[in-house]
Amino acid sequence: MQVPFYGHQRQYLSIKKEIDDNIQEVIMSGGYVLGPMLKKFEGELSAYSGMKHAIGVGNGTDALWLVMMALGLKAGDELITNANTFFATAEAIWVVGCKAVLVDCDPLTNCIDPKAVEAAITPKTKAIVPVHLYGQCAPMREISAIAKKHNLFVIEDNAQAIDAAGDDFKIGELSDAVCTSFIIQKNLGTFGDAGAVFTNNDKINSEVRRLRNHGSTARNVHSFGFNSRLDDIHAGILSAKLKHITAWSDQRIALAKRYTAGLQGAKSFTLPYVRPGYRHVFHLYVIEVKDISKREAFLKFLNDNGVDAKTHYSIAIHQQAGYPWGKDAEIRGSLKNAEYNAAACISLPMFPELTTDEVDYCIAKVLEWDKANS
Ligand SMILES: *Cc1c(COP(=O)(O)O)cnc(C)c1O
């Protein structure tokens, strides 16, 4: 059996008419950039998220730095974020000239460790950028308490966890803004690049809207800005998909339960930890290989046996050759959990259209390797 990592075509075929109709509607409307479909989709996003403003932008990375710029963050300011995240989180901090201060994660959830955050604060610290890694919310209550105490902004990197929630908090409730990505492989993804900013703050809203469109506030009136818009074609695709996001998340959660039940007895791995009461939407189903010296062999075994497993992310930010030491970035405290995560992680196939037979096949292959290696 061959089990793919993504199911983009399967998902398209399951709602083909809804997507095709929206694409047709955009083409015939005559509005393709900042047109009626984008306006409609922004309204739907805002209603869905319960947040006052939703602003479509070019991609998730732009969403992050547009918010940072809208907040007036600049060279000399320090922003604290995960060492274990997708590279773009740190990259966005560098775009605005700030320093990325990288801290460790909680070994159970792999989300940012609030104790490490608090220990890294200096008079130059201006914001915390927690990542809702793999589809599970960072501990926002603790992070927001630290931010209040030290008067810091909080920007949620929610590229991986649309439709997730904490035990008694929603995404966006405990921060200044939420940034998401709609690139195809995310839980809500279009056939290309797109992203969005969510905020209850009117000033962030108006600034991001201005900055994304050449600094324009009215026709022919410009100040410093950029081109980072969410095209109406993508808004149409995403609008069709948004109606299904809750059902798709539920499907991911059910498949994750099946993996966890099937892999319970395996000795070589740590299985994903879900914080009590949290809605973890399993953007990725990540297991960790206890003996990190065997990770590459395990990955090869899975790939050779038709399981398209991958690693997210096998090189932490501070381990990247292109990591700008000194002025633009620094590590504070031990990063041992983040480094272990990078060395041990394996993502098994996970998408809503995955069949139970495919999950069972992946489980069987993981158990086969476990038996031979423990
Ligand atoms: C995907 C991702 C981004 C960037 O999104 P793009 O749309 O690819 O720019 C940022 N942060 C995290 C955690 C991501 O997973």
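Me: Which residues form one aromatic cluster with W65?

Reply: F224 and F226 form one aromatic cluster with W65. The model is a predicted one. A search of the whole structure finds 13 aromatic pairs.

Me: What makes the pair of F5 and Y6 edge-to-face?

Reply: The angle between the planes is 85°, and over 60 degrees counts as edge-to-face. The ring centres lie 5.0 Å apart, and the limit for a pair is 6.5 Å.

Me: Why does F5 count as buried, and why does Y6 count as partly exposed?

Reply: F5 has 2% relative accessibility, so F5 is buried; the cut-off is under 20%. Y6 has 32%.

Me: Why is the pair of F269 and F298 called tilted?

Reply: The planes stand at 35°. Stacked needs under 30 degrees and edge-to-face needs over 60, so the pair is tilted. The centres are 4.8 Å apart.

Me: What does the pair of F269 and F298 tie together?

Reply: F269 lies in strand β10 and F298 in helix α11, so the pair ties together parts 29 residues apart in sequence. F269 is buried at 5%, and F298 is buried at 0%.

Me: How do you know that α2 is roughly antiparallel to α9?

Reply: Helices α2 (residues 16–29) and α9 (residues 232–242) pack at about 150°, with axes 8 Å apart. Over 145 degrees counts as roughly antiparallel, so α2 and α9 qualify. Their crossing is right-handed.

Me: Which classes of residue make up the contact of α2 with α9?

Reply: Seven are nonpolar, three polar and three charged. Among the residues that meet are I19 and I23 in α2, and I233 and A240 in α9.

Note on methods
Residues are numbered from 1 along each chain as its sequence is written. This is a predicted model: local features need pLDDT of at least 70, side-chain atom pairs count only at pLDDT 80 or more; totals for chains, interfaces and linings use all residues. Side-chain values use heavy atoms; hydrogens and water are left out. Axes are lines fitted to C-alpha atoms, for helices over the stretch in contact, and angles run from 0 to 180 degrees between N-to-C directions. Helices (H or I, at least four residues) and strands (E, at least two) are DSSP runs, numbered from the N terminus. Angles under 35 degrees count as roughly parallel, over 145 as roughly antiparallel, 65 to 115 as roughly perpendicular and the rest as oblique. A crossing is left-handed if the near helix is turned anticlockwise from the far one by less than a right angle, and right-handed if clockwise. Contact means heavy atoms within 4.5 Å. Ala, Val, Leu, Ile, Met, Phe, Trp, Tyr, Cys and Pro count as nonpolar, Asp, Glu, Lys and Arg as charged, and the others, Gly among them, as polar. Rings of Phe, Tyr and Trp (its six-membered ring) pair if their centres lie within 6.5 Å; planes under 30 degrees apart count as stacked, over 60 as edge-to-face and the rest as tilted. Buried means under 20% relative accessible area, exposed over 50%, partly exposed in between (1.4 Å probe, protein chains only).
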